[in-house]
Amino acid sequence: MRHARRRMVRRVARLAAVGGLLLGGTMVTRAVASEPPDASAAPPTLARTASGDGAGLVSRLGTDRTAGHWIGSDGRPVVAVTDERAAEAVRRAGATAKRVRHSMSELRSATSTLRAAPRVSGTAWALDYRSNEVVVRGDRTVSGPDWSRLTRVAQGIGGFVRMERTEGTFTTRLNGAEPILSTAGRCSAGFNVTDGTSDFILTAGHCGPTGSVWFGDGRGDRQIGRTVAGSFPGDDFSLVEYANGKAGDGADVVAVGDGKGVRITGAGEPAVGQRVFRSGSTSGLRDGRVTALDATVNYPEGTVTGLIETDVCAEPGDSGGPMFSEGVALGVTSGGSGDCDKGGTTFFQPLPEAMESLGVRLIGSGRQGAAAGASATASPGAAAPGASAPVTGVGGSPLLARLADRRNVGPGLLIVAGSLVALVATRWIRAEQDRKAYRRHYSATWG
């Protein structure tokens, strides 16, 4: 029985040593394979590269020969073009070209005609680059006669305007990351910004007019600041000046729950098909994809244009909360339809436009050496005050990704060396035990 246990222990030890060799070898091989040419610089992510390449091609070819760009299922840029010469230029640049009938100029002309028609509350439209159409949606509050009148306007434009009815109601999400409270209701803090002298919270404009006083701590007993500028309707952004003029430590971190956060390293423009994250005090951290750009929404309070359309869910109270991707700030929550049980559509005010209009910049966005999307420990009040939900796939990384990280070459080599030592040791122990057993047997045989 004792010999059987020893054999079992030796077998387990050998298996563990072999497993260690395989694991260490995988770490070293994959880490070396992923080493960038310049190890001192973090490589750009595929989504951000694809977005930039697509935007550059559209800008170079012009709106009469293109009709938008998006990120394909393989992560590469796809550009809609109207002629073969433009398609050849796109392919030479390493992107995918898709021939379409209508140019961006035609699509924008259609939206201008829709804006000029009598306003119908509860409707929205956006440019669907993939289908080369303008999609007009009407929620359940739109009456039959109003929908018929708008349908006639769309038919007069052409067959590339698609009419859809949608469930739910297009509303602002007033009532957000940690909540901020005022007499107007509850909203979410967005991003911390500065004009070089004072610090502010950039949030949604519909949350409250200039002069609104905001409180925090959930009970409304700590004054955060006062709204000093904003725009709604038309746009949907506002600026809340901190009561003491400063955002405090960790102002460039968006909190995502459990004391963790995502460091925001800059602002950018999204691309259709890009994966994005949104945080808010009602529904926490949620993710989805950008589905359209340059969207117009006719809220009951007024019309807002130039919005980002996504399939990320949101609920009342999420207004003003931050939307970001890979550490890049993209926008603040405006409104939408549906909820986080059934899903829905959510619109965002683009951040670069808002900051330019307000004359502010992101706090910490000029700091060098910050990797996009780097996780950080959120200090109290970070992102004033950031989101409150567990993060999935933002701040953390799965086991395989950590093992394949190029920085794990050293640990991988250590595992390989330790496994070799263990394997040699088990072989030596087994050989030594076999020799002792042979001596005993030889002695017993010959007396």
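Is cysteine 207 buried or exposed? With a relative accessibility of 1%, cysteine 207 counts as buried; here buried means under 20% relative accessible area, exposed means over 50%, and partly exposed is what falls in between (1.4 Å probe, protein chains only).

Before going on, a word about what you're looking at. This is a predicted model, in which local features need pLDDT of at least 70 and side-chain atom pairs count only at pLDDT 80 or more, while totals for chains, interfaces and linings use all residues. Residues are numbered from 1 along each chain as its sequence is written, and side-chain values use heavy atoms, with hydrogens and water left out.

Let's stay with the cysteines. A disulfide is a pair of cysteine sulfur atoms within 2.5 Å, and that rule gives a count of 2 disulfides. One of them links cysteine 187 to cysteine 207, with an S to S distance of 1.9 Å. Cysteine 187 sits in strand 9 (residues 185-188) and cysteine 207 in the loop between strand 11 (199-203) and strand 12 (213-216), so the bond ties together parts that are 20 residues apart in sequence. Strands (E, at least two residues) and helices (H or I, at least four) are DSSP runs, numbered from the N terminus. The torsion about this S-S bond, between cysteine 187 and cysteine 207, is about -95°, so the disulfide is left-handed. Cysteine 187 is buried, at 0% relative accessibility.

The other bond joins cysteine 313 and cysteine 340, whose sulfur atoms are 2.0 Å apart. Cysteine 313 belongs to the loop between strand 20 and strand 21 (322-325), and cysteine 340 to the loop between strand 22 (328-339) and strand 23 (343-350), so this pair ties together parts that are 27 residues apart in sequence. For cysteine 313 and cysteine 340 the S-S torsion is about 95°, so the disulfide is right-handed. Cysteine 313 is buried at 12% relative accessibility, and cysteine 340 is buried with a relative accessible area of 15%. Number the bonded cysteines of the chain in sequence order and the pairing reads 1-2, 3-4.

Now for the aromatic rings. A pair of aromatic rings is described by the distance of the centres and the angle of the planes. Rings of Phe, Tyr and Trp (its six-membered ring) pair if their centres lie within 6.5 Å; planes under 30 degrees apart count as stacked, over 60 as edge-to-face, and the rest as tilted. The structure has 2 aromatic pairs. Phenylalanine 170 and phenylalanine 347 make an edge-to-face pair, at 5.9 Å centre to centre with 65° between the planes. Phenylalanine 277 and phenylalanine 324 are stacked instead, at 6.2 Å centre to centre with 20° between the planes. Since phenylalanine 277 lies in strand 18 (residues 275-280) and phenylalanine 324 in strand 21, the pair ties together parts that are 47 residues apart in sequence. Phenylalanine 277 is buried at 8% relative accessible area, and phenylalanine 324 is buried at 0% relative accessibility.

Next, take a look at threonine 171, which lies in strand 7 (residues 171-172). Threonine 171 is partly exposed, with a relative accessible area of 25%. Setting aside neighbours within four places in sequence, threonine 171 is in contact (heavy atoms within 4.5 Å) with Tyr299, Gly335 and Gly336. The C-alpha atoms of threonine 171 and glycine 122 are 8.0 Å from each other, though these residues are 49 apart along the chain.

On a 1 Å grid over the protein atoms alone, a cavity is a set of points where a 1.4 Å probe fits but cannot get out, and lining residues have an atom within 4 Å of a point. A volume is the space filled by probe spheres set on the points, with grid points joined across faces, edges and corners. The largest cavity holds about 60 Å³ of space. Its lining is made of 10 residues, with Phe191, Asn192, Ala251, Asp252 and Ile264 nearest the centre of the largest cavity. Strand 10 (191-194) and strand 15 (253-257) each give at least two residues to that lining.

Terms used:
On a 1 Å grid over the protein atoms alone, a cavity is a set of points where a 1.4 Å probe fits but cannot get out, and a pocket is an open set with protein on both sides within 12 Å along at least five of seven lines; lining residues have an atom within 4 Å of a point.
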